[in-house]
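Subject: The structure to look through

Hi,

Here is the structure I promised to pass on. Have a look at it first, then read my notes below.

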Amino acid sequence: MSDINGPKPVPSHTSSSSILFLNRCVEQIFTDILDPNTPLFKPNVVILGESYPEFKAILQEARQNNYQQILPTLIAGLQFILGREAYENKDLESTLYHYRRSLEYWPSALAQGDLEMLSRPDLDTILPNQFIEQMGGILFHVGLCFISLAQSNTSAEKNINWQEAKIYFEQCITVFEKANRPDLVSKFIGELGEVLRHLEDWETLQKVAQKAINLHISYGSEAQLAQDYGFLAEAALHESKWAHANQLAELALAIQGQSIYDDPMSTSTESHNPYLYLLAESKQEFQQWQTTVNQLEEALRKSNVEDDPKGYLKILTALHKLYLDQDLYTQASRLKEEKIRIEYQYGLRAFIGVRTLQPQSHPNHKQQSIALEIENSNRLKDVHTLLERIQNPDNKLIVLQGESGVGKSSLLNAGIVPMLLEQRSRNPSIARPILLRIYTDWLREPNPKTWNLNPVLNLLKQNDQNQIPTVLIFDQFEEFFVVCQQLEQRLPFYEFLKESLMLTSITVLLCLRTDALHYLLECAHRTNLEDIIHSEILSKKVIYGLENFTVSQAQTFIQNQIERAQFKIEPDLMSQLLRDLTVDIDRIRPIELQLIGTQLQAHDIQTLNQYEQLGEHPKQKLLEHFLDEVIRDCSAKNERTAIKILYGLTNEQEHRLLKTSKELAEELDTEFSKIEPLLEVLVEEGLILHIPDIPDDRYQLTHDYLVALVRHQKGERLIARLELERDKAQRKIIEEKPNSFVNRAIASVLRWINTD
């Protein structure tokens, strides 16, 4: 380290031609280092080739002359090259000395690691982009030096040097990002991953690896992409996500080009492939995990929920956690829904969220009765009124209307239908309910020629001839108008409705949103329907409106529900809750009440103080928790995709869109098989309706109320649209590289992990 005290000055000076030669050599070395396609470290002699001996001689002369007549930027480059020479000779102390001397010639803020300076608008006048990139290269080399120190030091010093390497690599990445060089970020980011692996910072490693995947798909190589998935596999392994680690290790091997059918349990010393070791370890742990799952599932089969519901729920909870820990989110979602159903059934859950109420089952009884929520909300009178209308032969057509989320489907499914069935079991003269969703079973697509309505009409005629009173119930009938947007598509059903109502023993109940009522005028006009029902189509005799809860009704409902579930809400919190939930002066939306109620119980919020600790807008915060919880149930690696699916089912006018699986897959630039498990989770958890259809199933948000929640509730929601556009651009890049490794790896990449 002869430069520490500076060389003794000599009379001669370095010539202009020699300085020019040194400049060219420094530029040549930096050009090689900053080439995205060169190795991470190539010796100076290899880069300079035949020029190396002359370079060494002139450099020695310049040092003897104390770098006279040489600009600071060139001195910085020469000090850097001297550091590389020392690194090759394993003189790490000298290496760091020269690298730090090199950094001293940069602006002091940058030399001290203050990278915020790179955001200054006048940066170009302070430091040209070329020198910014060179500084990034120097920072990377400092990180390499600290790695070598960590590998050669005692255990006490290892961690310090790994931490130093992490800091310099992170600064290097930041510099290249500021310089808008993603290709160089792609080149150097792998070493940061290696450092994080040694530091066992698994959470940060996962984020860095996911970022690297995006970069390496566009700029990298097979080896880099395999390394990224190896990092993810190891992070998953240390988080005890063995199934996920197993999948990622297989993917790393597949991208690397090694068969995943090689025996991963082999201990042969011929193979030192780290991905094989990861695969072997994950398989071994996964086998132990599977043994535990099998034991719990066997215990579940031997348990009787009716005899010991709480014991049964404990097993379900344990299984759910095991599946969720392994990112087996579809299986976890099914268990979660079964757990919620049982808790609801046995009075352990006060609120049901966005899910439609179901008839109440009683242990050891086959008969189902109306849900307690119908009674607790004082809506039993609505059920009785509608039953009276159904039994009155003068009421051929009944229209149940109300806003989205007001509880129409719940009133049908958990009130009217079970009560009709219960009464009919004692009295055959009571109407037999046939509950239909307009698209299931017999109405397949918006093409009247394929509807095949005749079998349904023939069944109704047969019931009529046998004097079997029947009420044909169409739930969520507004969906018919969403799909059948042309009048010629709707007319065949209007005729079917007319012929059905002409039958003496048949009553029709249409359940639809208020904003779709005007279509009934069209139906009546086209079929002279009012002559058959002997009433105006929008008269009070036909229309029955279901309103949002009154404040008093909501308070009674909450009190009854929490008493049943043995959950307490203090009076002050009850009062504030009712104020926060009130809309339209004195009304409360049932769906919002249910959502907030589920979150209060889930977070055990019983006092006003706990509620206010959520922040300035506690109700909104709880709604955020609800949506975030569902998205998390799709697995952390799929959160962005889940958001994009939900976002894609809405539009700027804040309408619910009805889309086929094919349309959703095209918008996300992927195959349906990739989003199918996420759709399954979102359907299970009540956010999305699954409407079987031909040729493609259709999907829709369950409530209009959810549209604003998805689009505007959190900043992350708005990112979804931008990421959809980004995904399309990325797909274009991939298509423009047909001969690269990407086409061979991309199917596997998208199969196992979403790179968001």
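At roughly what angle do the axes of helix H1 and helix H4 cross, and within what distance do they come? The axes of H1 (residues 16–33) and H4 (residues 72–88) cross at roughly 60° and come within 10 Å. One thing to keep in mind as you read on: this is a predicted model.

In case you wonder about those two values, packed helices are described by the angle between their axes and the distance between the axes. Angles from 65 to 115 degrees would count as roughly perpendicular and those under 35 as roughly parallel, so H1 and H4 are oblique to each other. Their crossing is left-handed. If you want to find the contact on screen, pick out Ile-19, Leu-22, Asn-23, Val-26, Ile-29, Phe-30 and Ile-33 on the H1 side. They meet Leu-74, Gly-77, Leu-78, Phe-80, Ile-81 and Arg-84 on H4. Sorted by class, that contact has ten nonpolar residues, two polar ones and one charged one.

Now zoom out for a moment. The protein chain has 756 residues, and 53% of them are buried. Its secondary structure comes to 35 helices and 13 strands. Take the contacts with a separation of 6 or more: residues 24 or more positions apart account for 70% of them.

Is Glu-234 buried or exposed? Its relative accessible area is 16%, and the cut-off for buried is under 20%, so Glu-234 is buried. You will find Glu-234 in helix H12, which covers residues 222–238. Setting aside neighbours within four places in sequence, Glu-234 is in contact with Arg-197, Trp-202 and Leu-278.

Asp-464 belongs to helix H20 (residues 454–465). By the same cut-off of under 20%, Asp-464 is buried too, because its relative accessible area is 16%. Again leaving out neighbours within four places, Asp-464 touches Leu-503, Thr-504 and Ser-505.

On to the sheets. S8 is joined to S10 (residues 587–588) by two bridges, and Thr-550 stands opposite Arg-587 in S10.

Another open sheet has three strands in the order S11-S13-S12, and its pairing is antiparallel as well. Why is one side of S11 and one side of S12 left without a neighbour in the sheet? S11 (659–660) and S12 (688–691) stand at the edges and each has a single partner strand, so one side of each has no neighbour there. Two bridges link S11 with S13 (residues 698–701), and Thr-660 stands opposite Arg-698 in S13. Lying across S12 and S13 is helix H32 (residues 672–684), which runs at about 115° to S12.

Last stop: how many of the eight residues of helix H33 are buried? Six are, so to speak, tucked under cover in this mostly covered helix, which spans residues 705–712. They are Tyr-705, Leu-706, Val-707, Leu-709, Val-710 and Arg-711.

Happy exploring!

How values were computed. Residues numbered from 1 in each chain as written. Predicted model: local features only at pLDDT ≥ 70, side-chain atom pairs only at ≥ 80, totals over all residues. Heavy atoms only, no water. Helix = DSSP H or I, 4+ residues; strand = E, 2+ residues; numbered from the N terminus. Buried < 20%, exposed > 50% of the residue type's maximum accessible area, 1.4 Å probe, protein only. Contact = heavy atoms within 4.5 Å. Pairing = 2+ DSSP bridges. Axes fitted to C-alpha atoms, helices over the stretch in contact; angles between N-to-C directions. Parallel < 35°, antiparallel > 145°, perpendicular 65-115°, else oblique. Left-handed = near helix turned anticlockwise from the far one by under 90°. Nonpolar A, V, L, I, M, F, W, Y, C, P; charged D, E, K, R; others polar.
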